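Please read the following briefing alongside the sequence and the coordinates shown below. The points are grouped by topic.

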Amino acid sequence: MNLIVAVDNNWGIGRDNKLLASIPGDLAYFKEKTTGKVVVMGRKTLESLPNRRGLPRRTNIVLTRQADYQAERCIVVHDEAELAAELSKYASDDIFFIGGESIYRRYYGLCDRLYITKMYADLGADAFMVDVDRLDGFEVLFASEMHCENGVEYQFFIYGRKTDGSDRTDQEI
Ligand SMILES: NC(=O)c1ccc[n+]([C@@H]2O[C@H](COP(=O)([O-])OP(=O)(O)OC[C@H]3O[C@@H](n4cnc5c(N)ncnc54)[C@H](OP(=O)(O)O)[C@@H]3O)[C@@H](O)[C@H]2O)c1
């Protein structure tokens, strides 16, 4: 499984349930990586998307504890067991956790690949991703050249799980 996220200097990911910056190159990268795949998100992230709808050309899975929650283009699951049952229908490599904070924190430890866009700015976040550079379990497999858009310098990284399997959480899905 995979995770994809854009972080600022402090591993901040959002503020007031919105993204920290609008970077067209990063949105295009996100679209390229996730189109045709399965994306898993928390209910608040879904509600931050245009028209509160699932993303087009992707299988959208939304986690919420609300029993009667419905959203266009989305498969709604209500707990981790239901999510695990749904995810068992798809190839692990096709699954992307796309946020927000609660989803990243719970599931990064189950991912083999982390697609992390580092935005080199302090963007005043109130939601955060785990600082992967402080973990032993992942290593950088790829670092892109530097880009700059809308005044923000940024770089794409792909992290992979170290082969000794350290830091894998013991909670399988
Ligand atoms: N930078 C990025 O790449 C990126 C990407 C995505 C999101 N974000 C940011 O992340 C922030 C949102 O993060 P967040 O943590 O507040 O919200 P979130 O993870 O998007 O959604 C949280 C909600 O998901 C549901 N949920 C979470 N775990 C669950 C579980 N185990 N079982 C059932 N339901 C569960 C709950 O919904 P109910 O309350 O309905 O029960 C919970 O309130 C925003 O600022 C957003 O912009 C950033």
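**Core, ligand shell and backbone details**

Of the 41 residues in the largest nonpolar core, the ones that touch the most other members are Leu3, Val5, Val40, Phe96, Phe97 and Leu114; such a core is a set of buried Ala, Val, Leu, Ile, Met, Phe, Trp, Tyr and Cys residues joined through C-beta atoms within 7 Å. A residue is called buried if 20 or more other C-beta atoms lie within 10 Å of its own, exposed if 12 or fewer, and partly exposed in between, with C-beta atoms placed from the backbone. This is a predicted model, in which local features need pLDDT of at least 70 and side-chain atom pairs count only at pLDDT 80 or more, while totals for chains, interfaces and linings use all residues. Residues are numbered from 1 along each chain as its sequence is written.

- Leucine 3 touches Phe96, Phe97, Tyr104, Tyr107, Tyr108, Cys111, Leu114 and Tyr115, when residues up to four places away in sequence are not counted; a contact requires that the two C-beta atoms, placed from the backbone, lie within 7 Å.

**Ligand shell**

- The ligand is surrounded by 27 residues, of which the closest are Gly14, Gly42, Thr45, Gly99 and Gly100; a residue counts as near if its C-beta atom, placed from the backbone, lies within 6 Å of the molecule.
- At least two shell residues are supplied by each of β1, β2 (12-15), β3 (18-19), β4, α2 (43-48) and α4, and the largest share, 4 residues, comes from α2.
- By class, the shell has 9 nonpolar, 11 polar and 7 charged residues, with Ala, Val, Leu, Ile, Met, Phe, Trp, Tyr, Cys and Pro counted as nonpolar, Asp, Glu, Lys and Arg as charged, and the others, Gly among them, as polar.
- The peptide bond from glycine 99 to glycine 100 is cis, with omega near 0°, and glycine 100 is found in the loop between β7 and α4.

**Three-stranded sheet**

- An open sheet of 3 strands runs in the order β3-β2-β9 with antiparallel pairing, where two strands pair if DSSP finds at least two bridges between them.
- Because β3 and β9 (127-128) stand at the edges with a single partner strand each, one side of each is left without a neighbour in the sheet.
- The antiparallel pairing of β2 and β9 extends over 2 bridges, and glycine 14 has alanine 127 in β9 as its bridge partner.

**Exposed positions**

- Asparagine 51, in the loop between α2 and β5, has a positive phi of about 60° although it is not a glycine, and it is exposed, with 8 other C-beta atoms within 10 Å.
- Asparagine 150 lies in the loop between β11 (147-149) and β12; its phi is near 50°, a positive value in a residue other than glycine, and with 10 C-beta neighbours inside 10 Å it counts as exposed.
- Glutamate 153, in strand β12, is exposed, with 12 other C-beta atoms within 10 Å.
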